[in-house]
Amino acid sequence: MKVSIITVCFNSASTIRDAICSVISQSYPDIEYIIVDGGSTDGTLDVIRAHSSFVSHWISEPDNGTYDAMNKGVHLASGDIIAILNSDDFYVHSEVIAQVASHFQQTKVDSVYGDLQYVGKDNTDKVIRYWVSGIYQRRNFLYGWMPPHPAFFIRRTVYKSLGCFDTRLRTSADYELMLRFLYKHKISTHYLPELLVRMRVGGASNSSWKKRIEANLEDRQAWKMNGLRPYFFTALFKPLRKIKQYFILKQERISKPQVPKRKSHYV
């Protein structure tokens, strides 16, 4: 079972090395790694080139935003399973993909998801909030639930049959895709109750209150685009769920980030 991991980036020289190294360190033997760059000018391409022997495909060209770049990666992918790992994210240890692949093989589901931590932008040892996804129940979407996108793994056949990211949305296309796949089309899924990914704070939809409001409006649009009717409070509950994540104190599940040590051939 081949796993395709897609990293999209633009001027990410300060963070993409951690993302790349966390993929390189994976013990799982059958990984296709794809990097889609939007035409960076800050040294990102130097980091990619330094690790190009570990990258299956990479391109650098202008795009129409993050989700357009993700779609390019999906179209390039040839794996059975597709993962999206942003340039600000990294896998927490070397067995993440092996664990995910094992769950796909055991359960035969269409998708697998796990947990995620938000960490400091400049200090990834500092945990800001802990996104514990919980066991999937379809009705939870009506109460603002969604799995963390970087910890959500999907069979490529699902993308082929149900489509990719809708680029009409600028900050919520990942939410719309998961709503479409899980809630509307009821693809099967399995919860892996493990911390899989760490994400630096400061993403596009959370960088300011204005961005959060825009993202909330796009969340509402995602339901409408799919001909679905949420509860009147669904869009409100989604940000409220984030508050709970700040107070989850599961020390036994919080370990130090395990970004692989730089080897002599790394830059």
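A surface patch here is made of residues with over 30% relative accessible area and no salt bridge, where like charges are joined within 9 Å and nonpolar side chains (Val, Leu, Ile, Met, Phe, Trp, Tyr) within 5 Å. A salt bridge is a side-chain nitrogen of Lys or Arg within 4 Å of a carboxyl oxygen of Asp or Glu. Accessible areas come from the Shrake-Rupley method with a 1.4 Å probe, and for residues only the protein chains shown count as cover.

The model is predicted: local features need pLDDT of at least 70, side-chain atom pairs count only at pLDDT 80 or more, and totals for chains, interfaces and linings use all residues. Residues are numbered from 1 along each chain as its sequence is written, and side-chain values use heavy atoms, with hydrogens and water left out.

Tyr143, Tyr231, Leu236, Phe237, Leu240 and Ile243 make a nonpolar surface patch of about 530 Å². One of these residues, Tyr231, sits in the loop between α7 (209–225) and α8 (234–245); helices (H or I, at least four residues) and strands (E, at least two) are DSSP runs, numbered from the N terminus. Tyrosine 231 is partly exposed, its relative accessible area being 38%. Buried means under 20% relative accessible area, exposed over 50%, and partly exposed in between (1.4 Å probe, protein chains only).

Methionine 146 is in the loop between β7 (127–131) and β8 (152–155). Methionine 146 is buried, with a relative accessible area of 10%. From methionine 146 to tyrosine 136 the C-alpha distance is 9.1 Å, at a sequence separation of 10 residues.

Strand β2 pairs with strand β1 (residues 3–9) in the parallel sense over 7 bridges; two strands pair if DSSP finds at least two bridges between them. Within this pairing, serine 4 stands opposite glutamate 32 of β2.

The buried residues of α6 include Asp174, Glu176 and Arg180. After α6 comes lysine 186, with a positive phi near 55°.

Helix α4 (residues 96–107) has 12 residues, which should span 16 Å at 1.5 Å a residue; its end C-alpha atoms are 17 Å apart, which agrees. The expected span is 1.5 Å times one less than the number of residues. In α4, Val96, Ile97, Val100, Ala101, His103 and Phe104 are buried. They cover an arc of only 155° around the axis, so they lie on the same side of α4; the arc is that of the directions from the helix axis to the C-beta atoms. Just after α4, lysine 108 has a positive phi of about 60°.
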